[in-house]
Amino acid sequence: AMTATDARAILSLASLLLSLLLLPLLLLLLLPSTPNSHSVSALFALLHPGFYQTADAAKRVYVNCDDGSDESGDGSKMLPWRTLTRARDEIRRFQRRFAVEVLVQGTCLPRDQHGRVDFALPLLELEHVDSGSEGRPIEYASQHPHRPALLSSGLRIPHSAWRRLVGEIFTANLTALGVSRESLGSFLKPTSTGGDGLGNCTWNMTELFFGGN
């Protein structure tokens, strides 16, 4: 038996379908006898399914940092972009009538305009315009929860930051450059030598590049 809730849902759906059919017909009645380009464009806008997309609907954008392409991709699941920067730039061109979810997979590295990896470049820079709005957020997340995307970037240490410690050994205060101690990990003091030396690093995701090596 049909409940009152079912009946209301059916009536609401019927009303929506009727509205979708009547709006273009109403516009046709209101068009001038000789339609101009603006009136015809308005009619096609009403006929386009995207016109009726609700504010709650979310658009998904796909980024595959391993196999995507910023040249031939379009941000779809079949043709994802390669870089987060390209996804950000395209999202800025969207009409902000919906939430945006950026689904990322692979190892994401900072690249120059020719696609070459350059750790001196930022991986992704976001501004106020990239935060979305209330009810229409812009979110970045891993496409596969059990295989999270890896975001890897770097920091150029200026020549002025280096200080000679002893002989040919130089040091730089990375904390003063904005690098958090948590991202650097820590060292375990060796026990075989009585605690002398650096020992073993407990976090192997931080690397130092000098002269390209």
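What is the handedness of the link of Cys65 and Cys108? With 80° about the S-S bond, it is right-handed. More on that pair below, after a look at the model as a whole.

## The model at a glance

This is a predicted model, so local features need pLDDT of at least 70 and side-chain atom pairs count only at pLDDT 80 or more, while totals for chains, interfaces and linings use all residues. Residues are numbered from 1 along each chain as its sequence is written, and side-chain values use heavy atoms, with hydrogens and water left out.

The chain has 4 helices and 10 strands; these are DSSP runs numbered from the N terminus, with helices (H or I) of at least four residues and strands (E) of at least two. Going along the sequence, the pattern reads α-α-β-α-β-β-β-β-β-β-β-α-β-β. Of the 213 residues, 19% count as buried, where buried means under 20% relative accessible area, exposed over 50%, and partly exposed in between (1.4 Å probe, protein chains only).

## The disulfide

There is 1 disulfide in the structure, a term used here for a pair of cysteine sulfur atoms within 2.5 Å. Cys65 and Cys108 make it, with their sulfur atoms 2.0 Å apart. Cys65 sits in the loop between strand E1 (58–64) and helix H3 (84–91), and Cys108 in strand E3 (residues 107–108), so the link ties together parts that are 43 residues apart in sequence.

Both ends are tucked away: Cys65 counts as buried at 5% relative accessibility, and Cys108 is buried too, with a relative accessible area of 1%.

## A four-stranded sheet

Four strands make an open sheet in the order E1-E2-E5-E4, with mixed pairing. E1 and strand E4 (132–133) are the edge strands, each pairing on one side only. Two strands pair if DSSP finds at least two bridges between them.

E1 and strand E2 (residues 99–105) run parallel over 7 bridges. The chain gets from E1 to E2 through H3, in a right-handed β-α-β crossover; right-handed means that, with the strands pointing away from the viewer, the path from the first strand over the helix to the second runs clockwise. On to the next pair: E2 and E5 are parallel over 5 bridges, and Val102 has Tyr140 in E5 as its bridge partner.

## The E4–E5 hairpin

E4 and E5 run antiparallel, joined by 2 bridges, and Gly132 has Pro137 in E5 as its bridge partner. The hairpin has 2 residues between the strands, and Gly135 takes a positive phi near 85° there.

Glu134 is in the loop between E4 and strand E5 (136–142) and counts as exposed at 79% relative accessibility. The C-alpha atoms of Glu134 and Ala99 are 9.3 Å apart, although the two residues are separated by 35 residues along the chain.

## The second largest pocket

The second largest pocket holds about 350 Å³ of space. Of its 23 lining residues, the closest to its centre are Asp70, Thr83, Thr85, Arg111 and Asp112. A pocket here is an open set of points on a 1 Å grid over the protein atoms alone, where a 1.4 Å probe fits and protein lies on both sides within 12 Å along at least five of seven lines; lining residues have an atom within 4 Å of a point.

H3 gives the largest share of the lining, 3 residues. By class, the lining has 9 nonpolar, 7 polar and 7 charged residues.

Note on methods
Grid points are joined across faces, edges and corners, and a volume is the space filled by probe spheres set on the points. Ala, Val, Leu, Ile, Met, Phe, Trp, Tyr, Cys and Pro count as nonpolar, Asp, Glu, Lys and Arg as charged, and the others, Gly among them, as polar.
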